[in-house]
Amino acid sequence: MTHQRASLYLIAGGCIWGVYWMPLLYLEGLGLIGAAAGTALYMGCLVALIPVMIKYRQLFISQWRVLLLSGVLTGCAFSLYTTSL
């Protein structure tokens with residue numbers, strides 16, 4: 001991967017992170033606040049990713065320890081961030 005491509009990925013990630021609060025604001029308008037809004041958002045993402053999980057199930061099965069650790073740490077980070085908003 002080139003430095004330019006890596007830089008573009010970092011910029012794209014920052015832009016996506018910058019609009020993360022928009023669905024949370026919408027869910028708050030529906031009456032979900034704090035952890036409830038985050039839980040609803042993550043459940044929606046889980047449903048959307050089920051086809052990917054089915055397609056790559058062998059990869060998930062072979063790498064479950066790494067995926068579990070990274071998933072738990074990422075989930076904790078996002079949950080704390082969501083609750084703080």
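Cys76 is partly exposed, at a relative accessible area of 43%, where buried denotes under 20%, exposed over 50% and partly exposed the range in between (1.4 Å probe, protein chains only). The model is predicted, so that local features need pLDDT of at least 70 and side-chain atom pairs count only at pLDDT 80 or more, whereas totals for chains, interfaces and linings use all residues. Residues are numbered from 1 along each chain as its sequence is written, and side-chain values use heavy atoms, with hydrogens and water left out.

Zero disulfides were found in a search of the whole structure, a disulfide being a pair of cysteine sulfur atoms within 2.5 Å. Cys76 takes part in none, as the nearest cysteine sulfur, that of Cys45, lies 16 Å away. For Cys15, the closest cysteine sulfur is likewise in Cys45, and the separation of 18 Å is too far for a bond. Cys15 is partly exposed, with a relative accessibility of 49%.

A nonpolar surface patch of about 1,000 Å² is formed by Met43, Leu46, Val47, Leu49, Ile50, Val52, Met53, Ile54, Tyr56, Leu59, Phe60 and Leu67. Patch members have over 30% relative accessible area and no salt bridge; nonpolar side chains (Val, Leu, Ile, Met, Phe, Trp, Tyr) are joined within 5 Å, and like charges within 9 Å. A salt bridge is a side-chain nitrogen of Lys or Arg within 4 Å of a carboxyl oxygen of Asp or Glu. Two or more residues of the patch are given by helix 3 (35–55) and by helix 4 (57–62), helices being DSSP runs of H or I with at least four residues, numbered from the N terminus. Helix 3 gives the most, with eight residues. Leu67 is placed in helix 5 (residues 64–84) and is partly exposed at 36% relative accessibility.

The largest pocket has a volume of about 530 Å³. On a 1 Å grid over the protein atoms alone, a pocket is an open set of points with protein on both sides within 12 Å along at least five of seven lines, where a 1.4 Å probe fits, and lining residues have an atom within 4 Å of a point. Its lining comprises 15 residues, of which Cys45, Leu46, Leu49, Met53 and Gly71 lie nearest the centre. Helix 3 and helix 5 each supply at least two lining residues, and the largest share, eight residues, comes from helix 3. Leu46 belongs to helix 3 and is partly exposed, at 40% relative accessibility. The C-alpha atoms of Leu46 and Ile11 are 25 Å apart, at a separation of 35 residues along the chain.

Technical notes:
Areas by Shrake-Rupley, 256 points an atom, 1.4 Å probe, with all protein chains shown as cover. Points joined across faces, edges and corners; volume = space filled by probe spheres on them.
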